[in-house]
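Please work through the exercises below with the sequence and the structure open beside you, and try each task before you read its solution.

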Amino acid sequence: MATIMTVDDTASMRQMISFTLGSVGYDVIQAVDGAEALKLAQDRKVDLVIADVNMPNMDGITLVKSLRALDTYKFTPILMLTTESQAGKRDQGKSAGATGWIVKPFNPEQLVNVVRKVLG
Amino acid sequence: MNLASLSNRWWMWAAIAAIGSWLWSLPSLPLVVAVGSGCTTLIVVVLLIGHGVTLQRMQQAAASYDDAGDNDELLTAAEAESEIEALLEKSNDIVPIPPVDQMLQTMEADNHRRRLEDLLRRWVDVAHRYSEAALVLRKEIHGVVHHTEQAANTISSSFQAVINKATLQAREAMELLEGTQGGATSGAPQSLTDFIRVSDERLTKMADEVVRVADLSVQMVQELDGVQTRTQAIDGFLLDVEKLADQTSLLALNADIEAARVGEFGRGFSVVAQEVRRLSQRSHEFSDRIRQHLKAVKVGLNKTYGDMRNLSAADMEHALKIKEDVIALTRSLEGKNREVAETVGRINTISREIAQDVHNVVVSLQFHDITSQKLKGMLEPMDDLRRMLFHLMQETMATGKNLLPLKEGSTMSKADEKSAGVSADAGSDDAVLRKLRAVGSSSSGPSVELF
């Protein structure tokens, strides 16, 4: 099954995502911020990234830009999962190259559906 | 001026003389007298010096006036006027005597200024207080974020553990009740359902076997009945044969009698008649022997018949009882099977309900993340306000007026450090906060107390 990376500075958030996607069979790895996420993404191939926007060290939008700059992650789906509901941030994310934008709190069934749709 | 100064300072010389005379007379005087005269001398000296100094000053003042006066001995009218004006101006500086209106205006301006100062002082006070309060708020917010993070993490881990265990429980139960897919093919029952089914089949088969055996015994009894009928028939035939033999014997006797009546010619006939008689006797003997055999057969048959009858009756009864028991058992096994199916259904329903609860928990557990981001978002405008207020406070106080309410001057320097940096988690805040928090903080006693 596909490997999904979840990036969020809140441990409980990472656990919820891990639990939700893990129980339908995906392999989920965790990163606490954009910097760690970038490093992990380069150590191993990840099929989908789910990232928060507000994080220390490297925020979500910068992470998206950095990932899109890598050859291996040019077309990898990246979903932003965030408390930000403002159109401004959303447009920033879109122009940085994010595949989708989910507002917290997420509905576990919806998340699974979106992940399935995006991973094909 | 030496001579003049000497004559002017006559008081000085007088004082020195007084002291000198006292000192000269000192050795020859008793103590009390010496002290008394000493005091008197001191008073005299002080008075002399005071008088002398005052006199000197007055003379100096007079001299200066005299000097001024000496230089302008001959004044013209205009010069005199200007002189007077200058004096008046000078006198104004020394002792201003403004008109009443001016006085009132100045008083109003003073009042106004005082009110403004008061207002500024109060603003500064507010700014100062807000800084302190903001520090406390910041620390409390961080505290809340930290605590909710810990709680959320614990809840999340425990929740996942519970879910895993519930799933495991359901799986174990299902395995017990339904068994794994490949179990039934190996022949031995793997699950409760299988076991129930197989037991049912075997018991039914056993009961059927018993009934079949009972049936066979019944058949055998019927066969025996048939045999019994045949023996009775043979018995009947034997009777007929004996009757026939008897009649033949009688006939032979009659033949003998007729043969004797005939005389010599009937002798051959009477031999024949005797032979016939002997034949019929022989057939009697045979018939007897057959009859004996028949009797034995009958006895044996009766015995077998009796045994068979008992056996088959008992067998049948037994078989029927067994069959009844087996039917009852089968019914209860079917009942058990239904129970198993119901339990399986209930387990599935509960699993579905658990899935719904899991859904709710997963949505709710994201509360920590959302609330901590919202709380941290509160910090930025708070810090902005604090910085702005602090700058305002600094500028206000730089105007030179003493506007700071006389509180701990030390906290001001700390606010200074704070405003210079960005995030205020420095240890320097702790002293202030500890003081502030000590007022209304949580109790440090035991968690449960019975009175």
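The exercises that follow concern a predicted model, and each solution goes step by step.

**Exercise 1.** Determine whether the span of helix H1 (residues 11–22) of chain A agrees with what its number of residues leads one to expect.

*Solution.* Begin with the rule that the expected span is 1.5 Å times one less than the number of residues. Helix H1 of chain A has 12 residues, and therefore it should span 16 Å.

**Exercise 2.** Describe the order of the five strands in the open sheet of chain A, and state which strands lie at its edges.

*Solution.* Reading across the sheet, the order is E2-E1-E3-E4-E5 in chain A, with parallel pairing. The edge strands are E2 (27–31) and E5 (100–103) of chain A, since each of them pairs on one side only. On average, neighbouring strands of this sheet are turned by 20 degrees against each other, direction ignored. One of the pairings joins strand E1 (residues 3–7) of chain A to E2(A) over five bridges, and within it Met5(A) has Ile29(A) as its bridge partner.

**Exercise 3.** Explain why the salt bridge between Asp8(A) and Lys104(A) ties together parts that are 96 residues apart in sequence.

*Solution.* First, check the pair itself: the side chains of Asp8(A) and Lys104(A) meet at 3.0 Å, N to O, and a salt bridge requires these atoms to be within 4 Å. Then locate both residues: Asp8(A) lies in the loop between E1 and H1 of chain A, whereas Lys104(A) lies in the loop between E5 and H5 of chain A, so the pair connects parts 96 residues apart. Finally, Asp8(A) and Lys104(A) are both buried.

**Exercise 4.** Decide whether Lys298(B) and Asp235(B), which form a salt bridge, are buried, partly exposed or exposed.

*Solution.* The closest N and O atoms of Lys298(B) and Asp235(B) are 3.3 Å apart. The pair links distant parts of the chain, with Lys298(B) in helix H7 (residues 267–364) and Asp235(B) in helix H6 of chain B. Buried means under 20% relative accessible area, and exposed means over 50%. Lys298(B) has a relative accessible area of 29%, so it is partly exposed; Asp235(B), at 23%, therefore counts as partly exposed too.

Terms used: Residues numbered from 1 in each chain as written. Chains lettered and ligands numbered in written order. Predicted model: local features only at pLDDT ≥ 70, side-chain atom pairs only at ≥ 80, totals over all residues. Heavy atoms only, no water. Helix = DSSP H or I, 4+ residues; strand = E, 2+ residues; numbered from the N terminus. Pairing = 2+ DSSP bridges. Axes fitted to C-alpha atoms, helices over the stretch in contact; angles between N-to-C directions. Buried < 20%, exposed > 50% of the residue type's maximum accessible area, 1.4 Å probe, protein only.
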